[in-house]
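I opened my notebook to look up a few things in this structure, one entry at a time. Come along and check each one against the view.

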Amino acid sequence: MPFDVVVIGAGITGLAAAFESGLRGARAVALEASDRAGGLIRTEHVDGFTIEAGPDSMLAQKPAAIRLCEELGLGPRLISTKPPRTAFVLKGSVLYALPAPSILGIPTTWRGLARYDLLARNERLRVALERVLPRRRGAEQDESVASFFRRRFGPATVPLIAEPLLGGIHAGDIDRLSVRSLFPRLVEAEARTGSVLRAYRRRTGLSSREGLFRSLSSGMGDLVSALVRRLPPDGLVLGSRVTSLVRGDGEWGVETATGTITARAVVLAIPAGAAGALLAPVDAAAARLCAEVPYVSTASMALAFRRGSVRHPLEGSGFVVARRFSSARITACTWVSSKWEGRAPEGHVLLRVFVGGSHDPAAVALTDEELAAVALRDIAPVLGIEDAPLFTRVSRWVDAGAQHNVGQLERMARLEARLASLPGLFVAGSGFRAVGIPDCVADGRAAAAAAAHYAKMAR
């Protein structure tokens, strides 16, 4: 008897898809090539420290992940970032606070702009002019993040705000990253009112009392564990790498090293390149579109200290690095124990440092010792650290960061057109439409809903 739905991949997208399939009455199974579920979400508990190897939070403005947590009974464990929620930009050896309220590092009030010392006076005046600039002609066309910031806010904001903050979030090249795919609200604000700052001038809620992000008290790994527990006993198979897809008469053959599973519908919740490899014998054009999505590699280092070893007050969430104005190799440092409650024992500090991405692809090839040394070398003078860390944990993500470069939305439209000729086959996840955990959850569940409906109709 064939499955209704086979989900290939058990990262957060695949787990959400498998969970949603079950809610809709479909007999489903998620196949994961590795020996663990969760993908980029991985939480470790060491001597009272809670360490995230991947993403540490969910954007509250996109509610899909928070709703899923509530469905799973995790609502009481949701926590917000601790105040003050100030983030900083490292320019040279000085930390400059990002203003509040702001939209992606751009002040939305005259007072905030006047006090924004990160930018010179003439550069602040150029930002202020954004309110009177005309809308872009051909606004339906995609453009890079750098192009958007340069055009709307002035050239100085590109290396000082867009590159460290927005490029850092996605570990990408802002001259290539798509503003329409990654930051559609900026594009919508310009199109709607003619000015991003004018559109956001009354939206002071961006710096709400509860902050923009949510996590789980024991770490994001709790979301993975809860999803796995809600799947049926045969609903998740680890160590099961899919080697090929075969289209049969009204069903799909999913071949693995241990045999072939048949299903009425398949959801590919894996990186775009891996999806392309499976699609190649089925639809070469769809496979090529998947192969066009680039990926970057990153690493993060968690460093634990006694509080007395760090002289900086650490009042805020951390800093990003304006790399063109700094000799630091790192891209960012999160003050984890200041950002979240309960991440370090009393009298201790937990920091997390990031390297790699499109501008430093060789970083992930460094040894653990070399990465730890880079992290300590770059943060020690900024934070006043004189002692060695109590311990360091290194996490590497090789070719794991999907890059939504200019043309991503058009590429996905073309891919969807190809998939329309392959009934019962769906894609979901960060390599396609999703940006961040909430999008991955929403995309996985939407794909599963479509797959379950198709399977029902095909019975």
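**Entry on helix α1.** I looked up which residues of α1 are buried, and I found I12, T13, G14, L15, A16, A17, A18, F19, E20 and S21. I am working with a predicted model here. Since 10 of the 12 residues of α1 are buried, I noted the helix as largely enclosed by the rest of the structure. Next I asked what those buried residues pack against, and the list is β1 (3-8), β2 (28-31), α2 (64-71), α10 (221-230) and α16 (437-458). I also checked the span of α1, residues 12-23: from first C-alpha to last it reaches 16 Å, close to the 16 Å expected at 1.5 Å a residue. Just after the helix I came to G25, which has a positive phi of about 80°.

**Entry on helix α14.** I then turned to α14, which has 16 residues, 368-383. Its reach from the first C-alpha to the last is 22 Å, close to the expected 22 Å. Its buried residues are L371, A372, V374, A375, D378, I379, A380, V382 and L383. After α14 I found G384, with a positive phi near 70°.

**Entry on a sheet.** I followed an open sheet of three strands, and their order is β5-β11-β6 with antiparallel pairing. The strands at its edges are β5 (58-59) and β6 (78-80), each of which pairs on one side only. Which residue of β11 is the bridge partner of M58? I wrote down R214.

**Entry on cysteines.** How many disulfides does a search of the whole structure find? The count came back as zero. I checked C69 in particular: C440 has the nearest cysteine sulfur, and that sulfur is 14 Å away. C69 counts as buried because its relative accessibility is 0%. I noted C333 as buried too, because its relative accessibility is 1%.

**Entry on S317.** I found S317 in the loop between β16 (295-306) and β17 (318-321). Is S317 buried or exposed? With a relative accessible area of 19%, it is buried, because the cut-off for that word is under 20%. Leaving out residues up to four places away in sequence, S317 touches P84, R85, T86, A87, C333, T334, W335 and K339.

**Entry on V237.** I located V237 in strand β12, residues 236-237. V237 counts as partly exposed because its relative accessibility is 34%. Beyond its neighbours within four places in sequence, V237 is in contact with V29, A30, L31 and E32. I also looked up how far V237 lies from W340: they are 103 residues apart in sequence and 33 Å apart in space, C-alpha to C-alpha.

I counted 16 residues in its lining, and K82, S337, P345, G347 and H348 lie nearest the centre. The elements that give two or more residues to this lining are α13 (336-339) and β19 (348-356).

Notes. Residues are numbered from 1 along each chain as its sequence is written. This is a predicted model: local features need pLDDT of at least 70, side-chain atom pairs count only at pLDDT 80 or more; totals for chains, interfaces and linings use all residues. Side-chain values use heavy atoms; hydrogens and water are left out. Two strands pair if DSSP finds at least two bridges between them. Helices (H or I, at least four residues) and strands (E, at least two) are DSSP runs, numbered from the N terminus. A disulfide is a pair of cysteine sulfur atoms within 2.5 Å. Buried means under 20% relative accessible area, exposed over 50%, partly exposed in between (1.4 Å probe, protein chains only). Contact means heavy atoms within 4.5 Å. The expected span of a helix is 1.5 Å times one less than its number of residues. On a 1 Å grid over the protein atoms alone, a cavity is a set of points where a 1.4 Å probe fits but cannot get out, and a pocket is an open set with protein on both sides within 12 Å along at least five of seven lines; lining residues have an atom within 4 Å of a point.
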